[in-house]
Amino acid sequence: MDSNKDEAERCIKIALSAISNNQQDKARKFLEKAQRLFPTEKAKNLLESLAQNGKPPDENGGPVNGDGPTMRHRGHGDEADAPAQGATESSKPYTADQLEAVRKIKSCKDYYQILGVEKTATEEDLKKAYRKLALKFHPDKNHAPGATEAFKAIGNAYAVLSNTEKRRQYDQYGEERSHPTRQRHHRDFEADISPEDLFNMFFGGGFPSSNVHVYRNGRMHFAHNRQDRREQQRDGGLALFVQLMPILILIIVSALSQMMVTQPPYSLSYRPSAGHIHKRHTTNLKVPFYVGDRFNEEYSGNNLKNVERSVEEDYISNLRNNCWKEKQQKEGLLYRARYFGDSDLYQRAQRMGTPSCSRLSEIQVILDG
């Protein structure tokens, strides 16, 4: 029902846009579709108004939004809640429901309340909660004062709770370290990834937007030209290098350690550089692998069985990783298609195969048999 409601609201928005462009037939079509998906008073009133005089309620003096009046300016209290949001966010219309939702997020005491989950929530529960809230509070979707901070808080909550070690520390110390103010959003437990990057990871691409969101000192700003982006990149270059230094050191140490470790006598793919050019198959699962010229001389009996066991373990591990990536990609496309009502994208996502998952299932049958 939630997906139908979201789709109905999207249809109403399209209808309102069509009305403003004097496209009455298009508006009527989408309003009727909205009523079929999820009947609301808003769509009903708009349809009745179109049937009577071809004008939307706002042209006759009533509100367009059935959920409440559309607001374009902040009150003094809202300015106190979000002083750094900027004119871009406040100049766009938003509804009373959106403003109330933002206030609700900002009043939450902990990350579990922000995501609306129990402390026993599983990883899948966290993902579902994040997907729903991220789409609802994305700054290009919700222009209410404080929506940007709420979006950041949602991303930070998921990033921390989805990390096993950070979640353990948060469960032990989080609430103590996050007081005395609720507005801090638990700064002692900041995420390692920006909310926008996290959103893009989930949904396979950026949110449709004319703005560029830039993070400075943990807050989101809006950049409208290339000069601003160049300045941001230049300022963050040194900080980025310092952050990447531990990773670079780790890569170098790993490379040196690999040079001192004996390379396996096989590859799962054709690798002339390693001398692995002769194709073989394991006895049990028939997994293809490649070996060098002297493999037959050096490996036989139990040694050969051990090699083939390692080949199959590596092969299954690769399949599991690829299967997870395929499912994530397909699931992300399906969510985007449902939310934006893109039937072509939905059909393409439905047709998207998961060959690694299929192969993994076949192997499981063989192993169980």
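The side chains of Glu362 and Arg359 meet in a salt bridge, with N and O 3.3 Å apart; the term denotes a side-chain nitrogen of Lys or Arg within 4 Å of a carboxyl oxygen of Asp or Glu. This is a predicted model, in which local features need pLDDT of at least 70 and side-chain atom pairs count only at pLDDT 80 or more, while totals for chains, interfaces and linings use all residues. Residues are numbered from 1 along each chain as its sequence is written, and side-chain values use heavy atoms, with hydrogens and water left out.

Glu362 and Arg359 both belong to helix α16 (residues 355-368), where 3 residues, about one turn of the helix, separate them. Helices are DSSP runs of H or I with at least four residues, strands are runs of E with at least two, and both are numbered from the N terminus. Because its relative accessible area is 44%, Glu362 is partly exposed; buried means under 20%, exposed over 50%, and partly exposed in between (1.4 Å probe, protein chains only).

By the salt-bridge rule the count comes to 8.

| Pair | N to O distance | Helix |
|---|---|---|
| Glu362 and Arg359 | 3.3 Å | α16 (residues 355-368) |
| Arg28 and Asp25 | 3.5 Å | α2 (residues 24-37) |
| Lys127 and Glu123 | 3.9 Å | α8 (residues 123-137) |

In helix α2, Arg28 and Asp25 are 3 residues apart. Arg28 is partly exposed because its relative accessibility is 27%, whereas Asp25, at 62%, is exposed. In helix α8, Lys127 and Glu123 are 4 residues apart, again about one turn of the helix. Lys127 has 9% relative accessibility and therefore counts as buried.

A patch of negative charge on the surface gathers Asp6, Glu9, Asp97 and Glu100. Helices α1 (2-20) and α6 (96-106) are the elements that give two or more residues to the negative patch. Such charge patches consist of residues with over 30% relative accessible area and no salt bridge, like charges being joined within 9 Å. Asp6 lies in helix α1 and is partly exposed, as its relative accessibility is 38%.

Strands β6 (residues 278-281) and β7 (residues 288-291) pair in the antiparallel sense over 4 bridges; pairing requires that DSSP find at least two bridges between two strands. Lys279 stands opposite Tyr290 in β7. The hairpin of β6 and β7 has 6 residues between the strands, and Lys286 in this hairpin takes a positive phi near 60 degrees.

Methods:
Patches are made of residues with over 30% relative accessible area and no salt bridge: like charges are joined within 9 Å, nonpolar side chains (Val, Leu, Ile, Met, Phe, Trp, Tyr) within 5 Å. Accessible areas come from the Shrake-Rupley method with a 1.4 Å probe; for residues, only the protein chains shown count as cover. Lys and Arg count as positive and Asp and Glu as negative; His and the chain ends are not counted. The place of a charge is taken as NZ of Lys, CZ of Arg, CG of Asp or CD of Glu.
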